[in-house]
Amino acid sequence: MNRAPLSVLAAVTALAAITGIAALTAPGDRADGAGAKAPARLPVERAGLLCPSVGHSEGAKTTYTSFTPPTPEPADGTDGNRPAVRPGTAELRPAGAPFPAPERKPAPDKAPAAVPGTDDGPRRAEPVLALKAPGTPVAVPAPGGDAPALVGTATAALAPGWTAQQTTVLPNGRARALLGAACTAPGTDFWFPGASTAKGRQDYLHLVNPDDTPAVADIEILGRDGRVRGTLPDGLPVPAGAGLPVLLSTLTAEELPDATVRVTTRTGRVGAVVRTAEDGAGGDWLAASAAPSATVVMPGIPADATSVRLVVLAPGDADAELRAGLASPGGTFGLVGHETVRVKAGMTTAVELGDITRGEPGSLVLRPAEPGRATPVVAALKIVRGTGKGRETAHIPATGPVGDRASAVDNRATGTTLSLTAPYWAARVRVTASTGTEGGTPAVREYRIAAGTTAAVTPPVPAGLKGSYALTVETVSGGPVHASRTLALPRGGVAMFTIQTLPDDHGTVSVPTARRELSVLDD
């Protein structure tokens, strides 16, 4: 019986298209993978980012910054077989629905402004920010006091490691502050320990839908006694291509000084972030905690922090007993009076740690108190600098390691601190300062971080810097390394600052390598 030849490679390609994973084993290949080539890592070809709306605030000044680090040539010489990479695009555009604002009467000689994405405005708004090439950041100010939610996509050469940030100075009001948010990738599950519905707090959950179909999100609030009953209908529609702010205190009648907010989606994807504001103590954006893990790291507590508050939740059915350690420049030390933190399942636990740094920078590391009882948790720190009327607040959520590479943008010539933590093993990292948004020559420096320590360094600054610049951290050896960037812009006696963590940018993906093409031959 004769049969037509069938390319197994074609079958594998079809399988990969369906599942995203393909394995190909030829006769004689060892099942244990000995002798097999490691999967190749190739740059991603598409990335998406979402930025929340700052809203309308008189006197507010917001700057958007966008950056893609250069993709290095592979060291294994495989680039010769790689097709040429297209230049690509990286653009951020206003989301379809603006932040609710007070009514404003148009000037007599002007028509009302069109709303992007509605019948009386263009369906596709002009980009607020467009990146031109890898390695050079671009920054633009938001018009007036309006900073809408943004939706963006990067393709081809501008996709791997694409990073964007919005930085806002709020000089007036009860919650004057410096707000910084790294724009986030869309997802379906987010945890926010450290939110609040207490009197004097005005915390908003911001949701942004990047897609052209509506999303449906569920919001769950967990306090010290567990899940809180809310007034929100079952399932919250998030319009297509739109941003939606939700005041958390409207979702429950309970005043919760410390709460964890969970956001999941039934359909679609959203970007999610919480904006915190506290009367007389400023505020900042609270990014999502890393996925629940038995060990969590919160890097970059400033040396002059006057108060540090830990908020932690064990999402599962098991209680968590954690050993807390402060990774300082001299090593990791237990916290006197807080050596062990006990967390009831499904209940938010808050611990006031006070002035734990005692004049030295540090990072908080939570590990299982007993190795045999590893209970996943999510966590974040509330950091306060200054005293009295000069207080200001920022947040450090638990974050993953830098991995291969991570970037932070909108760094300034002064006021920028990079915190590098190696909680387990010694590591060496390379830090690259890009060109400036308006000029400058890149600078590179390497740092060695001893095991169990935190190094708070003033990073390299581009020679002849004009404007702001980007920092890219790469793990050279050892590790893992966890990092954060602090930007301090004191103003009027207020210690304004903001902190962003630097998790792996996932600029590459692992692609299985087929060892050879097989064919089913004639019998």
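User: Which strand holds aspartate 410?
Analyst: Keep in mind that this is a predicted model. Aspartate 410 has a positive phi of about 60°, although this residue is not a glycine. Look along residues 405–411 and you'll find its place, in strand S30.

User: Which residues does serine 468 contact, leaving aside its neighbours within four places in sequence?
Analyst: Start with where serine 468 sits: in the loop between strand S36 (463–466) and strand S37 (469–478). Its relative accessibility is 7%, so serine 468 counts as buried. Aspartate 410 turns up among its partners. With those close neighbours set aside, the contacts are Thr65, Pro137, Asp410, Asn411, Arg412, Thr435, Gly436 and Thr437.

User: What kind of peptide bond joins glycine 479 and proline 480?
Analyst: Proline 480 is found in the loop between S37 and strand S38 (482–488). Check omega for the bond linking glycine 479 to proline 480: the angle is about 0°. That bond is cis.

User: Where does alanine 156 lie, and is alanine 156 buried or exposed?
Analyst: Here's another residue that has a positive phi without being a glycine: for alanine 156 the angle is about 50°. Alanine 156 lies in the loop between strand S9 (150–155) and strand S10 (163–170). Its relative accessibility is 6%, so alanine 156 counts as buried.

User: Which residue in S24 stands opposite leucine 326?
Analyst: Strand S23 (residues 320–328) and strand S24 (residues 331–334) run antiparallel, and four bridges join them. The two strands form a hairpin, with two residues between them. Within S24, the residue opposite leucine 326 is phenylalanine 333.

User: Which element gives the most to the lining of the second largest cavity?
Analyst: The lining is made up of Leu50, Cys51, Pro52, Thr184, His206, Val208, Gly271, Ala272 and Val273. Elements giving two or more residues to this lining are strand S2 (46–51), strand S13 (204–208) and strand S19 (271–278). With three residues, the one that gives the most is S19.

User: How many helices and strands does the protein have?
Analyst: Zoom out to the whole chain now. The count comes to one helix and 40 strands.

User: What share of the contacts between residues at least 6 apart in sequence join residues at least 24 apart?
Analyst: First, a bit of context: the protein has 523 residues, and 46% of them count as buried. Now take the contacts between residues at least 6 apart in sequence. The share that joins residues at least 24 apart is 82%.

User: What part of the accessible surface belongs to carbon and sulfur atoms?
Analyst: The accessible surface of the protein comes to about 24,400 Å². The part belonging to carbon and sulfur atoms is 54%.

Key: Residues are numbered from 1 along each chain as its sequence is written. This is a predicted model: local features need pLDDT of at least 70, side-chain atom pairs count only at pLDDT 80 or more; totals for chains, interfaces and linings use all residues. Side-chain values use heavy atoms; hydrogens and water are left out. Buried means under 20% relative accessible area, exposed over 50%, partly exposed in between (1.4 Å probe, protein chains only). Contact means heavy atoms within 4.5 Å. Accessible areas come from the Shrake-Rupley method with a 1.4 Å probe; for residues, only the protein chains shown count as cover. On a 1 Å grid over the protein atoms alone, a cavity is a set of points where a 1.4 Å probe fits but cannot get out, and a pocket is an open set with protein on both sides within 12 Å along at least five of seven lines; lining residues have an atom within 4 Å of a point. Two strands pair if DSSP finds at least two bridges between them.
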